[in-house]
Amino acid sequence: MPSRLQPVGILLLVLLGCGTHDNGSLRAPTNPSPSPGGVAAPQSLPPGGGSPAEAESPSGTSPVTAITEVLPCNDGEDACAEPPQEDTTTSVPTTAPQNPPLANPADAEAYGETEQTADCPGLDGPVPFAPLTKKPVCPPYQRPAVFFSPHPDDESLSMGGAIAEHVAAGRAVFVELLTHGDKSGILTVLGNGKSCDWHEGTHQYALSVEAFGMARVQEFLAATARLGVTGVVISDFGDQNLTPSEVESRISWWLRNGGEGLSLKGTAGGMDDQSKTGVPAHVDHTALAEALRRSGHNDLRLYLSYYAQSGLGTFDATIDLTAKGFCDEKRAALAEYGRWAPAAGRYAIGKHSMGTLLTAVSEACKEYIQKVATPAQ
Ligand SMILES: [Zn+2]
Ligand SMILES: [Zn+2]
């Protein structure tokens, strides 16, 4: 994909990935607090999901004050250009379930496509499967909450706390991954022979695109396992190429098979609300949000992360996960994107691509809601 750089004033230079948003490093401000007037005070998210109407607050636009860098795609240097800092994303709680290592990330059989075609009586596929055991999860589902993630890491960055909260509420919680995120420039970084100051060894792993995507899926599986989800569905609709109709096919599956009390969640559109900052929208995120809005489902919620965290986007409410007690789960999920264990098929791809944001999100432990307009009846 060609660079989509557009200058936005003098102060703002925005990173644009080569399709996936998560290339290079996003320089989030050290103080992620929303600007005055931007958001409401922390408010309660009913575990049941429900209408987003409770997330009432004046919508505000944060002034554009952050400086982010333009990083070209496939620039290996920049993946490790950050100064040394305390790594808060790679400590993995020993009490949490351990992710089974994937010895050969090129083994497409290893992560779930087989499981997703497993039979549930009368059910068309793909069928959700448990991220650790890989066993299919058949209906009926207990008030299912389904969180859609365009790429590996979006679910933990934007919605990890909300996912954990819904799990704690006793609901059946599913995360749907829509693409493998295999267009990320980190594919090149992993084979560039260089090194980073925060992990051992060098980048000597010239993965195929497929293997790279599988490695990203491994991070996703490990993260969703940390969040305790009931099941995941992994689609590969095509990084940088997701369409609303593809997402709608999955929404329809849930509308047909989810049962009572279905909540639909997802990341907000256009790499959060970046259109307000003058930056072109990310096609995959836009497609997801558009499909969710089009569904007209009466229980929808969209979450932001990137621009909300950096103070650039607009949002309607802030969830304080510290107050709600779901920071540990969110941080554990984020930490899975920083695990460097090549022998086990783990390359810390999330941290290589979004290290600064991962750290900022982990430290802030907040999530941001964008209200969904009630569709016309
Ligand atoms: Zn994404
Ligand atoms: Zn590295």
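Helix axes are lines fitted to C-alpha atoms over the stretch in contact, and the angles between them run from 0 to 180 degrees between N-to-C directions. The model described here is predicted. Its chain comprises 10 helices and 11 strands.

**Overall make-up**

- The chain has 377 residues, of which 53% count as buried.
- Considering contacts between residues at least 6 apart in sequence, 80% link residues at least 24 apart.

**The nonpolar core**

- The largest nonpolar core contains 79 residues.
- The residues with the most contacts inside this core are I163, F174, V232, V247, L288 and Y303.
- Helix α4 (residues 209-226) contributes the most to this core, giving 10 residues.
- Leaving aside residues up to four places away in sequence, V232 touches P128, F129, P131, F174, V175, L177, L221 and T224.

**Helices α5 and α6**

- Helix α5 (residues 244-257) packs with helix α6 (residues 283-295) at an angle of about 50 degrees, and their axes are 8 Å apart.
- This angle makes α5 oblique to α6.
- The crossing in which α5 passes α6 is right-handed.
- On the α5 side the contact is made by P244, V247, E248 and I251, and on the α6 side by A287, L288, E290, A291, R294 and S295.
- By class, the residues of this contact of α5 with α6 are 6 nonpolar, 1 polar and 3 charged.
- V247 and L288, which take part in this contact, are also among the residues with the most contacts inside the largest nonpolar core.

**Helices α2 and α9**

- Helix α2 (residues 154-168) and helix α9 (residues 327-335) have axes that come within 8 Å and cross at roughly 140 degrees.
- The two helices α2 and α9 are therefore oblique to each other.
- Their crossing, that of α2 and α9, is right-handed.
- Helix α2 makes the contact through S156, G160, G161 and A164, and helix α9 through E329, K330, A333 and L334.
- The contact of α2 with α9 consists of 3 nonpolar, 3 polar and 2 charged residues.

**Residue K135**

- K135 is located in the loop between α1 (113-116) and β2 (145-149).
- K135 counts as exposed because it has 12 C-beta neighbours inside 10 Å.
- Not counting residues up to four places away in sequence, K135 touches F129 and A130.
- F129 is also one of the residues that V232 touches.
- K135 and G231 are 96 residues apart along the chain, and their C-alpha atoms are separated by 8.8 Å.

Notes
Residues are numbered from 1 along each chain as its sequence is written. Chains are lettered from A and ligands numbered from 1 in the order in which they are written. This is a predicted model: local features need pLDDT of at least 70, side-chain atom pairs count only at pLDDT 80 or more; totals for chains, interfaces and linings use all residues. Helices (H or I, at least four residues) and strands (E, at least two) are DSSP runs, numbered from the N terminus. A residue is buried if 20 or more other C-beta atoms lie within 10 Å of its own, exposed if 12 or fewer, and partly exposed in between; C-beta atoms are placed from the backbone. Two residues are in contact if their C-beta atoms, placed from the backbone, lie within 7 Å. Angles under 35 degrees count as roughly parallel, over 145 as roughly antiparallel, 65 to 115 as roughly perpendicular and the rest as oblique. A crossing is left-handed if the near helix is turned anticlockwise from the far one by less than a right angle, and right-handed if clockwise. Ala, Val, Leu, Ile, Met, Phe, Trp, Tyr, Cys and Pro count as nonpolar, Asp, Glu, Lys and Arg as charged, and the others, Gly among them, as polar. A nonpolar core is a set of buried Ala, Val, Leu, Ile, Met, Phe, Trp, Tyr and Cys residues joined through C-beta atoms within 7 Å.
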